[in-house]
Amino acid sequence: MNPAEKPVPFSPSASQYILDNFEPTDRIAILVLNRDFGETIQRITSAQKAASPEFQAWLRYKNANGSDIYIGMNPLKKDASTRTKADIESIRHVYLDLDHGGPEALETIENSSVVPKPNYVLNSSPEKHQVGVKVEGMHLEEAEALLHAMACEFGGDPAATDATRVLRVPGFANKKYEVDFHVQARRESTDTYHIRDFKLHIDSQDSPRNTYDTAPNGSPRRRPI
């Protein structure tokens, strides 16, 4: 490779994204939301099934007919039928919704010395991004305090600091606009991080559990972006 050339970042399909972020046997939540019809469908299934051609074909059909497609970023317990905090099996990701600042806010995160390099960056809508970081060894309260600290540090959406949050899935269209915006992701790291890799001040009393409630299905009361 020419030294002046940069490697092309991996841009996954929806199936690849799911299987790269979860173990095949993990139980995950897929949320299908149609604002025009007022329809909300949540499917809790294994990552392997969610990534299967049959399931993906159903998601593409729903997306083509006006539904937005989201995924819960933390796996659920084996007997879970809802997506509440009590249903979370383990903390696998922390994340940011960057509603403001566009590329500048993203560049700040990518060059920051206080948080590790993101695993995935999603271009979720015009000038807006969702950033995901793989983690392990965190308990729920610790993760939510970290989510809140990250949002405060980088100007992320404060409603996206709940461990039950759903993010968009690459490969599907964002249906909020008059013209469909196709969500894309790029992988920036394959590492898995720990709490020691984050140099932010984390105060568990700032955890959003004290200031943000969740709807009965576990999703934030603010609408997804």
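Trainee: Why is Glu144 called buried?

Mentor: Glu144 has a relative accessibility of 1%, and buried means under 20% relative accessible area, with exposed over 50% and partly exposed in between (1.4 Å probe, protein chains only), so Glu144 counts as buried. The model is predicted, so that local features need pLDDT of at least 70 and side-chain atom pairs count only at pLDDT 80 or more, whereas totals for chains, interfaces and linings use all residues. Residues are numbered from 1 along each chain as its sequence is written, and side-chain values use heavy atoms, with hydrogens and water left out.

Trainee: Why is Lys85 called partly exposed?

Mentor: The relative accessibility of Lys85 is 25%, which lies between the two cut-offs of 20% and 50%, and therefore Lys85 counts as partly exposed.

Trainee: What makes the pair of Lys85 and Glu144 a salt bridge?

Mentor: Their side chains meet at 3.1 Å, N to O, and a salt bridge requires a side-chain nitrogen of Lys or Arg within 4 Å of a carboxyl oxygen of Asp or Glu, so the pair qualifies. Because Lys85 lies in the loop between S3 and S4 and Glu144 in helix H5, the pair ties together parts that are 59 residues apart in sequence (helices are DSSP runs of H or I, at least four residues, and strands of E, at least two, numbered from the N terminus).

Trainee: How do you know that Asp26 is buried?

Mentor: Asp26 has a relative accessible area of 9%, which is under 20%, so Asp26 is buried. The side chain of Asp26 also meets that of Arg92 in a salt bridge at 2.7 Å, N to O.
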